[in-house]
Amino acid sequence: MEVNQYKTVKDIAYSEPGKFEETRYEKIHNVIFSNSNDGSVLVAREIADLIVSKQKKGEKCVLGLATGSSPLKVYEELIRIHKEEGVSFSNVVTFNLDEYYPMEKENIQSYYHFMHENLFNHVDILPEHIHIPSGTVASEDLHQYCIDYERKIIESGGIDFQLLGIGRTGHIGFNEPGSHYNSETRSILLDHITRVDAASAFLGIDNVPKKAITMGIKTVRRAKRIVLLAWGQNKASIIKKTIEGEVSSKVPATYLQHHSNTTFVLDSEAASELTRIKTPWLVRACLWNDELASKAIIWLCDLTGKSILKLIDKDYNDNGMSSLLAQEGSSYNLNIKMFNKVQHTITGWPGGKPLADDTNRPERATPHKKRVLVFSPHPDDDVISMGGTLDRLVEQGHEVHVAYQTSGNIAVADHEALKFAEVSLDMYPSEALSAVVAQITSKRDDEIDTIEVRKLKGLIRKRESLAAMRYLNIPDSQVHFLNLPFYETGKIKKNPLGEDDIAIMCAIIEKVQPHQIFAAGDLADPHGTHRVCLNALMESLKILKPKPFMQHCWVWLYKGAWHEWEVHEIDMAVPMSPDQVLRKRKAIFFHQSQKDGIMFRGDDLREFWMRAEDRNTQTAQKYNKLGLADYAAMEAFVRWYF
């Protein structure tokens, strides 16, 4: 799609919500992009065009702005438009949605800092035109301050364009569940889920403020134009509730159903639970292919509680799948075809079974001994997500290499680092070690680690990884620590993927010349590293594809740390015995710094080994419910064709 041919997201195949068969479940206009980048660029273009049109009329352009990860690419594109296309922000007046309370504006977690670092410092907006709620207002003055903030918005002529994100509670701004339809700017107590989601940025939930100042629902609704951004699988459930559910204070974003000029801009992952995306056969006639048929039949089994071979014509006809039935001729034919497809994904030989007919196996029989390169974004994703498969590959004689893409230093808590530093200091007293201990103990909550402390934390993760690999009988010479530069900022926000990152990735692939690559396809990682690491692999493979050795390389994507592949997506399922489940658990335990008090939990508060075992068990149970063999656990993979 050529993004620049559109002025606004409403110009893209506009279908009014709830007015057509395909949108009959929907109550808010939405546009879906294959990735967040394309959507962000188009939103930025709409904002830039609005600024220019206002300039031509001699008017101010009043923008309501959001923080968080969702609008980052929009701001990046606005900066590019300003610098490369000469669009001035001199007529722009901004009002930010919210700010933590209390919060010093110099704090790196403040929204004041966020907005200046990601937008204001890079454009020619006048400082007096910037309005961000203050986190330092005295508590006795807070009520009047909020009234005055509301008045400033009204006196400016109201907001022309309001940019929003959405939280997993359905909050917009910090309007948490229970917020009133007519609420205005005020202080509010933050929901626990909101604080959990912010915990990674604050390096622990205990550091997240419990209160905030936020524009109200009424304030937001008064905007002339509203665009809400949502990216990623973590937002899919709340997006469905917001777009298709009833208006309720339990999901404050549903109030936007009553705004006549609102568009939700989504990527395919955030839109994945919408009825027309998840179960399109319920809203329109489908052109059935193998992928869609697999998705529908697995869904039908779950809906009816039946295994694949027990489905009958009536099940298909009663649930929007009569055209699939007509295409295939009978439920018997459909069921056999689907059963065989799912059964053929199961293999105890993830590197291929030697001297076997591999026609219906997920991996090739030859070469018997494969060179395998496992990419792990952090130093533990490998064992968490595919520890059983790693064990099986080594046991079956393959040459297994593991490459840790980042140091993972930011995920080591200060108390863990202090423990190692003090042990080292007790054994070998030195000024350098004393300085590291002092740097840890004197560090403020809003400070990033020094280079020395980051090095120590990285070494902790490195040694834990080596211990885990030795337990799985992978020699040190086949364990590689890439330390990709994009990660080494000391902050949650990382640098963009760069040429140095790609060069390092290309070098390790060329060195190993693998027959198999395993990589993380889990894009729900709460601080985005998995996505960047996957992008690094994709870019590297584009460069290396012409190389002769790449003609024999297959790429398998794993999940497991945060989510798992759906059954209809799985190309290879590797069963684990109870003994292998235990070996996987022990391998994870070697990552002791990540075992207790996990810093980046996401929305799952359990330890990683617990969530991994549960996901592997659930995958096996899903296969069993479909009528397949009953295994203790399974790890799942999707083949990626590059």
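Helix 18 (residues 529–544) lies across strand 11, strand 14, strand 15 (554–558) and strand 17 (633–640), and runs at about 150° to strand 14. Helices (H or I, at least four residues) and strands (E, at least two) are DSSP runs, numbered from the N terminus; axes are lines fitted to C-alpha atoms, for helices over the stretch in contact, with angles from 0 to 180 degrees between N-to-C directions, and contact means heavy atoms within 4.5 Å. This is a predicted model, in which local features need pLDDT of at least 70, side-chain atom pairs count only at pLDDT 80 or more, and totals for chains, interfaces and linings use all residues. Residues are numbered from 1 along each chain as its sequence is written, and side-chain values use heavy atoms, leaving out hydrogens and water.

The open sheet has seven strands in the order 13-12-11-14-15-17-16, with mixed pairing, where two strands pair if DSSP finds at least two bridges between them. Strand 13 (479–481) and strand 16 (572–576) each have a single partner strand, so one side of each is left without a neighbour in the sheet. Strand 11 (residues 371–376) and strand 14 (residues 516–520) pair in the parallel sense over three bridges, and V374 has F518 of strand 14 as its bridge partner. Helix 17 (residues 499–512) lies across strand 11, strand 12 (399–404), strand 13 and strand 14, at about 160° to strand 11.

Most peptide bonds are trans. The bond from T366 to P367, however, is cis, with omega near -10°, and P367 lies in the loop between helix 12 (331–343) and strand 11.
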